[in-house]
Amino acid sequence: MNLTIDTIQANIQLALAPVFLLTAVATLVTAITARLARNVDRMRFIQNELYSNHELNDKLRLHYEKEIIEFKTRGRLCTLAIFFDVLAGVLISLTVLELFFLQTGAARIVEVGYVVITFVAGLVSFVIALALILVEVVFAYRSTSWDLPTIDKSNKTRMY
């Protein structure tokens with residue numbers, strides 16, 4: 001095993017190249033988590049409106065019930081996207097470790113095939129997460145109700 005400064009530097013550079021992809025993974029997890037948090041907050045508000053002592057007219061009640069179903073779907077899409085994004089992060093991290101061990105010769109167990117498999121699987125998982133977020137965003141836009149019921153300020157009743 002050759003442990004010169006140049007060899008160590010080259011090994012570290014090779015092993016850390018996929019780390020830039022980990023930055024994208026972390027950023028996407030943050031964005032998805034923010035979307036999921038807003039989704040959960042809205043669901044809690046709607047559930048509070050539906051199950052509290054408020055008198056809701058039938059149209060508003062139906063609107064809220066439909067919205068809850070839509071938010072459940074959006075929540076599932078976000079959760080699935082987080083799963084695939086975290087899986088991508090784990091696979092890319094394994095790729096970094098494998099590259100480092102291969103270059104230093106520290107582990108003869110790791111083969112080049114493992115590096116290819118984990119890196120490609122990580123990229124595929126990342127693309128799936130991106131596709132799921134795209135589906136969630138399109139679904140969110142299409143399910144947006146532009147004719148949301150309003151509140152009559154004079155007698156504080158909800159109108160449609």
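Analyst: UniProt positions are given here in the numbering used for this chain, with shortened feature names, and such annotations may be inferred rather than shown by experiment. The model is predicted, so local features need pLDDT of at least 70, side-chain atom pairs count only at pLDDT 80 or more, and totals for chains, interfaces and linings use all residues. Residues are numbered from 1 along each chain as its sequence is written, and side-chain values use heavy atoms, without hydrogens and water.

User: Which residues does UniProt mark as "transmembrane region"?

Analyst: The unreviewed entry places that feature at residues 12–34, 77–102 and 114–141. Residues 77–102 are 100% helix and 0% strand, with end C-alpha atoms 37 Å apart. Residues 114–141 are likewise 100% helix and 0% strand, and their ends lie 41 Å apart. Helices (H or I, at least four residues) and strands (E, at least two) are DSSP runs, numbered from the N terminus.

User: How do you know that the span of helix 3 agrees with its 47 residues?

Analyst: The expected span is 1.5 Å times one less than the number of residues. For helix 3 this gives 69 Å, and the end C-alpha atoms are 69 Å apart, so the two agree.

User: Why is I117 called exposed?

Analyst: Buried means under 20% relative accessible area, exposed over 50%, and partly exposed in between (1.4 Å probe, protein chains only). I117, in helix 4 (residues 112–142), has 56%, so it counts as exposed. I12, in helix 1, has 37% and is therefore partly exposed.

User: What makes R42 and E67 a salt bridge?

Analyst: The term requires a side-chain nitrogen of Lys or Arg within 4 Å of a carboxyl oxygen of Asp or Glu. The closest N and O atoms of R42 and E67 are 3.0 Å apart, so the pair qualifies. R42 lies in helix 2 (residues 19–51) and E67 in helix 3, so the bridge ties together parts 25 residues apart in sequence. At 11%, E67 counts as buried, whereas R42, at 23%, is partly exposed.

User: How many salt bridges does the structure hold?

Analyst: There are four. Among them is K66 with E70, at 3.9 Å from N to O. These two are four residues apart in helix 3, which means about one helical turn separates them. Another joins E136 and R74 at 2.7 Å. E136 is in helix 4 and R74 in helix 3, so this pair ties together parts 62 residues apart in sequence. Both E136 and R74 are buried. Through shared partners, salt bridges join R35, R74 and E136 into one network.
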